[in-house]
Amino acid sequence: MALDRWVALVLLGICMAYGYTAWFTMDATLPPIMKRLAVWPSSFPKVLSIVGIILCLIVLSGIEKGEEKIGDIDYRRLGDYHLGQALALLGLMVAYALLLRPAGFILATSGFLIGGSVLLGERRWITMIVVAGIATLGIWYLVQEVLGIFLRPLPFFMGV
Amino acid sequence: MLEGILLGLSTALSVQNLLMVIGGCLIGTFIGMLPGLGPMSIIAIMIPVAITIGDPSTALILLAGVYYGAIFGGSTSSILLNAPGVAGTVATSFDGYPMARKGKAGKALTIAAIASFAGGTIGALLLMIFAPMLSTVALLFHSAEYFALMIVGLSAIAAFAGTGQVSKALLMTVLGLIMATVGETAQFNAPRFTMGLMDLQSGFGFITLAMAMFALPEALYLVLNPSRSSQGKSGEIKDLRITRDEAKKITPVIGRQSIQGFFIGVLPGAGATIASFLGYAVERNIANADEQKEFGDGSVKGLAAPETANNAACTGSFVPLLTLGIPGSGTTAILLGALIALNVTPGPRLMVDDPQIFWSVIISMYIGNVILLILNLPLIPYIAKVLAVPRNFLIPFILFFTLMGAYIGQNNSTELLILVGFGVCATILKFADYPLAPLLIGFILGTMLEDNFARSMNLYDGASFIWDRPMTLGLLVISVLLVVFPSYRARRAKARAAGIADGD
């Protein structure tokens, strides 16, 4: 089965869970006064769940068959691409998300920029550190001072 | 109209707004030139900046400048590197790249700039004429018609998705609508579908979703497949001048394509990409035999046609956004989200309530076009140096800017995890050839669609508004036809082709 139909299968599951919530569990918590209205919080989701399920089934059954098109990246040969690098960068983004608050903006961001370059195979350490340092401080200044959005610069144990 | 223009001039010509246009165009050109980053990603990245500015006119002027700049930058990388950053400039590379290889890169860039300028300017002129007319009509619409009109818009987007893609595009739209129902709504004041998570109480963040749908998958594609960002030698760019003969050749092309491109842009879902391909095809068909041979081999007409058409279409796509509040493309959907965040509701009332926003955007379109022509063109050889930035440095920065955009909007690091999660989902959807723009448009229209639906249901105490109001019924019938007709035709064409094959 091609990937697009697997995706449709997953989406079918999502639509069914969504539909189950809309049809069977949501209305129980509705206050009696709201029940007099012509439209309930669950009305629109009910319609959407049915349309969604029908569309998932159409894609899944392959009624509307377009010619097989291979995009810029052929997922069947995913191993031929730099999959490891992509996954490592995603991991780095998650680490950044988790560390941004505790480690402070400056440490987390320069670490992210340097780490990203290293993951992509860059080894010119001095250039990397200089570029990351200038960019981090510049962006911190812009966001904090020009846009006025608070970003804690330093790690949590060093004050602010 | 005259007082409108004067109002627009007085707003757009303030020092701050002029700087915004210039800055926006430069940033747009700069980033738009990088292969793989289209206007949608750039605008998504710029939104937090625009929202912090606070003044809706200034913010919209900045974003519109970025949009134009990105389209122009995209054509530059198409011409110089044969690496279109945007789908709308793919047709530009058909004739632009051969010209550059013949050593006429400077000439090709000039033609692209002039064609873009003319397309954008004529488009803005048409926008000035048609938008007020359309919004007068739109004032007669009730919530029932709005509901129906949004359905038409959503199904038109699916209908233009191409053969074999209609059901996928519709599925994505519905998924966007489903995502829009998460969180609290104005109508009911109770959280829905939050799965008990406090972070989802206010729904999914629009900027996070925009970044996850466009910027992140593009960046991941660049990582996965380095040849996408292959940096060929950009070559020397000199001799920007074009001859009188060439000017004579492209003038009628520009005239025709500005008008055609504009009207294609007005249609929801069609947009710059279809306009540019159609413009190229039309011009090739009506050219005489000698010129036809040149197409694909460095024809000036073949370069001018898609360039004019895509810029005119970009302007045209502002018509449904500004008059009906319905975005016709991914980019205008992002602009709509930004406007709503700035407490402006685009729609027919915009011209009555906030005329300065409407007119200043139009005036800034002219200014933006002039700036692209006189400022960017001479700077292009220098701006093209950005193509020499190694991808090892570029990609971490792109990723960092998507993270920053999502973080600044909400000041919440959970948003970053949601961004990465959705980004991975969006990349998988992209692998599977699902269009992503319908999802975002569905997400943005979802709340409005439900509000109008609920309002008309309450007014008519049931679904009777569908058959009681002829205009609503008519619009809904149109939307059904829009979906059914292309798939029916595709099936019939396929059946016929299969039949012929069987006959052999």
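Predicted model: local features only at pLDDT ≥ 70, side-chain atom pairs only at ≥ 80, totals over all residues.

Trainee: How do the axes of α5 and α6 of chain B cross?
Mentor: The axes of α5 (residues 90–101) and α6 (residues 105–138) of chain B come within 7 Å and cross at roughly 150 degrees. Angles over 145 degrees count as roughly antiparallel, and α5(B) and α6(B) are therefore roughly antiparallel to each other. Their crossing is right-handed.

Trainee: Which residues meet there?
Mentor: From α5(B), B:T92, B:G96, B:M99 and B:A100 meet B:A105, B:K107, B:A108 and B:A112 of α6(B). Sorted by class, that contact has five nonpolar, two polar and one charged residues.

Trainee: Switching topic, which residues have the most contacts inside the largest nonpolar core?
Mentor: Those are B:I43, B:A44, B:L63 and B:L440, in a core that has 200 residues.

Trainee: And what is B:L440 in contact with?
Mentor: If we leave aside neighbours within four places in sequence, B:L440 is in contact with B:G176, B:L209, B:A210, B:M213, B:G330 and B:A333.

Trainee: How many residues of chain B are in contact with chain A?
Mentor: On the chain B side there are 54, in contact with 54 residues of chain A. The elements of chain B that give two or more residues to this side are α8 (166–180), α9 (206–224), α18 (391–410), α19 (414–431) and α20 (437–460), and α18(B) gives the most, with ten residues.

Trainee: What classes do the residues on that side divide into?
Mentor: The side of chain B that touches chain A divides into 35 nonpolar, twelve polar and seven charged residues.

Definitions and conventions. Residues numbered from 1 in each chain as written. Chains lettered and ligands numbered in written order. Axes fitted to C-alpha atoms, helices over the stretch in contact; angles between N-to-C directions. Helix = DSSP H or I, 4+ residues; strand = E, 2+ residues; numbered from the N terminus. Parallel < 35°, antiparallel > 145°, perpendicular 65-115°, else oblique. Left-handed = near helix turned anticlockwise from the far one by under 90°. Contact = placed C-beta atoms within 7 Å. Nonpolar A, V, L, I, M, F, W, Y, C, P; charged D, E, K, R; others polar. Core = buried A, V, L, I, M, F, W, Y, C linked by C-beta atoms within 7 Å. Buried ≥ 20, exposed ≤ 12 C-beta atoms within 10 Å, placed from the backbone.
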